[in-house]
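Visitor: Could you help me read this structure? I would like to ask about its rings and one of its helices.

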Amino acid sequence: MKEEYSNHHRRWYDKDPILSRSMKTLEASDDETQIKVALNLIKIIVEHNIAFSEYTDVNEIIEAVEEGMDERANSRWYDIDRTVRTAINMLQSSPPEMQKILAKEMAKIVIDKIKEDKDVQALKEELE
C-alpha cells in the first residue's frame, strides 16, 4: 500500500473532506448529473490550467487525457463514463491547492443540479 493512502485515506480524494463529500455525492448521483458535473469540471479545470488551453473542445481534451491513462483503471465508479473518468482524472492530476478550489466548485454544481431536479419534479407534480 502506498504511503499516501493510509488507513484514514483509502482513496486519493479522501484527504480533503470537501472533495471527499463532493465525490460521494457525485457517485450517488444519476448518470445525467454525473456527466453535467464532469463537463462543468472540465471547463473549470481548463479555465485554470494553461496545459489544456491548446485544445479547442472537450473531445480533444478527453482524447488527450485518455492517452495518458492506465488501461487497467476501469474498476472505479467513475470509469464507467468516458467524460466523468476524464474529469476526475484531470481533477486528480491538479495540484492540491487547485483540488481544493475545484472541490468547492464541484460541490456547488452538484447542489445546483439536485435543486434543479427537485424544482423540475415539483413543477411536474403541480402540472399533473
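Visitor: How many aromatic pairs does a search of the whole structure find?
Guide: This is a predicted model, and the search of the whole structure finds two aromatic pairs.

Visitor: How are the rings of W12 and Y13 arranged?
Guide: Their centres are 5.3 Å apart and their planes stand at 90 degrees, so this pair is edge-to-face.

Visitor: And are W12 and Y13 buried or exposed?
Guide: W12 has 9% relative accessibility, and Y13 has a relative accessible area of 2%. Buried means under 20%, so W12 counts as buried, and Y13 is buried because its value is also under that cut-off.

Visitor: Which residues form the other pair?
Guide: W77 and Y78 form an edge-to-face pair, with 5.3 Å from centre to centre and 90 degrees between the planes. Both of these residues are buried.

Visitor: Changing topic to helix α2: what span should it have?
Guide: Helix α2 covers residues 31-48, and at 1.5 Å a residue its 18 residues should span 26 Å. The C-alpha atoms at its ends are 26 Å apart, which agrees.

Visitor: Which residues of α2 are buried?
Guide: The buried residues of α2 are T33, Q34, V37, A38, L41, I42, I44 and I45. Viewed down the axis of α2, they fall within an arc of 165 degrees, so they line one face of the helix.

Visitor: What does the face turned away from that buried side carry?
Guide: That face of α2 carries the exposed residues E32, K43 and E47.

Visitor: What does D30 reach at the start of α2?
Guide: A side-chain oxygen of D30 comes to within 3.0 Å of the backbone nitrogen of E32.

Key: Residues are numbered from 1 along each chain as its sequence is written. This is a predicted model: local features need pLDDT of at least 70, side-chain atom pairs count only at pLDDT 80 or more; totals for chains, interfaces and linings use all residues. Side-chain values use heavy atoms; hydrogens and water are left out. Helices (H or I, at least four residues) and strands (E, at least two) are DSSP runs, numbered from the N terminus. The expected span of a helix is 1.5 Å times one less than its number of residues. Buried means under 20% relative accessible area, exposed over 50%, partly exposed in between (1.4 Å probe, protein chains only). The arc is that of the directions from the helix axis to the C-beta atoms. A polar contact is a pair of N or O atoms within 3.5 Å; within protein, one must be able to donate a hydrogen and the other to accept it, and residues adjacent in sequence count only if both atoms are side-chain atoms. Rings of Phe, Tyr and Trp (its six-membered ring) pair if their centres lie within 6.5 Å; planes under 30 degrees apart count as stacked, over 60 as edge-to-face and the rest as tilted.
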